[in-house]
Amino acid sequence: MTQPVITADDARLDRSSRPEKKPRRRWIAHAIIWPVLALLIIGGGFAAWSLYNDAMSVRDDLEEASSAVSEFQDAATARQLDQLQPIADRLEASAEAAVVPTAQPLWRMGELVPVVGENLRAVRVIAEGVDEVSTEIVSPAVGLVADFGLRRDPATGGFDLTPLREASDIAATADRVIVDLEERVQSIDTDATIGPVSQAVGQFDEMLGSASEAIPPINGALAGIGAMVGVDGPKNVVLAFLNNAEAAALGGGPAAQSLLSVDSGNVQMVQQVSSTDFPVGAPLDVAMDDGARQLYDSIFLDNMNAATSRPDFPTAAQVITAHWQRTLGVTPDVVVSIDPIALSRLLQVTGPVTLPDGEQLTSDNVVTKLLNEAYFRYPEGGAENDAYFASAATAVFDRMMSLDYDIWAMADAVVDAANRGTLMMWSADPATQTLFDGTRLQGTLPAGNEGTTALGVYFRDRSSSKIDYYLHTEANVTTNACTPDAPTYTVEVRLRFDVPDDVELPDYIDSNLYDFYRTEVFLYGPVGGTTTAVEVPEPGLETVTGPSVTDLGRPAEKFTVDLENGQSALVRATFAGTPDSGPTEVRITPMINATTVTLAEATCG
């Protein structure tokens, strides 16, 4: 059935039929009663009656704890920071009260009773788990969050790194606690528990799963901030500004770059360069998969502006690093990419940025000013254009360093930018890089299909132009899961240039190579999949297919599309997937005119 049309930089289609989540407040209310009543009937006597009373007490305390968890989540989401501590105190008290009876000898003896024992053990594991979450994660986090912020150290003038280090320690503890609890919960034999207890175990396991999914982005964000401010000592950070008007898979070419020197909270911009400062046509000595070399040809490794051609930011960072080493004698420790689409989101938080000549960059105009108007102002490009971009980069950098904005709102903006693929980061330190795993900040496609089956739709300009300000794209993806063990994915992409008739383009925007516009389209299938069909239903002026390769563990198809203004082209590839694939997701080059994505399921029957 066709899904609603979505306009976004990525989209997702969940084929699973997900039951409506049950309210969690009474996740344990009835789970305790039945096994203890059974024990009372089986064992009789004062001991069983005492255990029954303890169970009722545990039930009440866990109900209160469950309610406190729900309220805490709501308050944290709404950033009602003044309410977090009182709620955390309630959670700690109820969790501690719940766990006390389950530690008594009588309760442990009950766990040995056939039929009833696994039920009591399950309740104890849940009570202990809630208590550990409260004492080891929630309470320490509340104390930090209530007063968290980036601030200057009066002694050094740099950022005070104490809150960042404390937050990193709490996140590491949370990771350890959640992993341990998941193992303990999954050790419960729910085949030996009655329905209410099994349901309680499932709900607690679901809560842990949600927490587990939340931890990698937190760790990644903290690691990213730490790398940007030199929390572990001196670092060279290259900040690459991607130009979406000259599309590349990861957004655009890294036409303007800044070198930051960071050390223990001190951050300084020490050098600004453009892609023209690096030689063209001299290949780098960088190891690269053969599939990538075939898809992205020689300019990938001999032109800085093509470093972001492959939809894999670690690869881009490797190429950018090699250029800096060879040409400038600098070895970057961290590479960060950002584009004007991301800047637009960040400027929603900071407010306007004023350039030295009085011009203002705002959330509403930054994309147009940097990716289109600048080329009408400086139609020849060159030094004046580079100076304009350098001035804009400095102004935005100074505004970000001022900290004169809502830190929490900025955190949301950064997450949004990363999730759209417009902000990415790489670290030469393997331990730091590992913390980016599983996050969009890493700028990689998923390594498997289990959690989600990600397909890729990417673009690269080959006109040596800035014409993609006027490029409009659509992607239609049809998933056929009628045979679950052999799903197929048909990906159709339409391209159209729309330059208004009354606009006379400067040469710097128009193609410097052809009297038409050439765009390469790269379609990536699922991990371990194969290509079953490649078609060009509408070639535009001309469309050439190939090569067909395997790249990043996926089948990858290339289309070279030539269009004149006003023309449209349609290309299509069909991929065979693998068994047990997850919901379909589409990753797309961040475009100035966001790609319209339509997801659909094939009709079975």
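1. Does Val100 count as buried, exposed or partly exposed, and at what relative accessibility? In this predicted model, Val100 counts as partly exposed because its relative accessibility is 43%, which lies between the 20% limit for buried and the 50% limit for exposed. The residue is part of helix H3, residues 81-102. Its C-alpha atom is 9.1 Å from that of Glu128, a residue 28 places away along the chain.

2. Overall composition. The chain contains 15 helices and 19 strands. It has 605 residues, and 51% of them count as buried. Taking contacts between residues at least 6 apart in sequence, 73% link residues that are at least 24 apart.

3. In soluble globular proteins, nonpolar side chains tend to be buried together. The largest nonpolar core here has 90 residues, and the members that touch the most others are Val457, Phe459, Val493, Val521 and Leu523. Helix H13, residues 382-402, gives the most to this core, with eight residues. There is also a second, separate core of 39 residues, with Val116, Ala127, Ile178 and Ile215 among them.

4. Helices H12 and H13. Two packed helices are described by the angle between their axes and the distance between the axes. For H12 (residues 366-377) and H13, the axes come within 10 Å and cross at roughly 145 degrees. The crossing of H12 and H13 is right-handed. On the H12 side the residues involved are Lys369, Leu370, Ala374, Tyr375 and Arg377, and these meet Asn385, Tyr388, Phe389 and Ala392 of H13. Sorted by class, this contact has six nonpolar, one polar and two charged residues.

5. Asn244. This residue sits in the loop between strand S3 (235-243) and strand S4 (253-263). Asn244 is buried, because its relative accessible area is 0%, against a limit of under 20%. A polar atom of the Asn244 side chain lies 3.5 Å from the backbone oxygen of Gly251. Beyond residues up to four places away in sequence, Asn244 touches Gly251, Gly252, Asp339, Pro340, Ile341, Leu371, Asp468, Pro590 and Ile592.

6. Positive phi values. Which backbone angle deserves a look at Ser264? Phi of Ser264 is near 50 degrees, a positive value in a residue other than glycine. Ser264 is in the loop between S4 and strand S5 (266-274), and it counts as partly exposed because its relative accessibility is 40%. Leu552 is not a glycine either, and has a positive phi of about 55 degrees. Leu552 belongs to the loop between S15 and strand S16 (554-563). With a relative accessibility of 27%, Leu552 counts as partly exposed.

7. The cis peptide. Which two residues are joined by a cis peptide bond? The bond links Gly546 and Pro547, with omega about 5 degrees. Pro547 is in strand S15, residues 542-551.

8. Ala576. The residue is in strand S17, which covers residues 568-576. The C-alpha atoms of Ala576 and Gly529 are separated by 5.4 Å, although the two residues are 47 apart along the chain. Leaving aside neighbours within four places in sequence, Ala576 is in contact with Pro487, Thr488, Pro526, Gly529, Thr530 and Thr532.

Key: Residues numbered from 1 in each chain as written. Predicted model: local features only at pLDDT ≥ 70, side-chain atom pairs only at ≥ 80, totals over all residues. Heavy atoms only, no water. Helix = DSSP H or I, 4+ residues; strand = E, 2+ residues; numbered from the N terminus. Buried < 20%, exposed > 50% of the residue type's maximum accessible area, 1.4 Å probe, protein only. Polar contact = N/O pair within 3.5 Å; in protein donor to acceptor, adjacent residues only side chain to side chain. Contact = heavy atoms within 4.5 Å. Core = buried A, V, L, I, M, F, W, Y, C linked by side-chain atoms within 4.5 Å. Axes fitted to C-alpha atoms, helices over the stretch in contact; angles between N-to-C directions. Left-handed = near helix turned anticlockwise from the far one by under 90°. Nonpolar A, V, L, I, M, F, W, Y, C, P; charged D, E, K, R; others polar.
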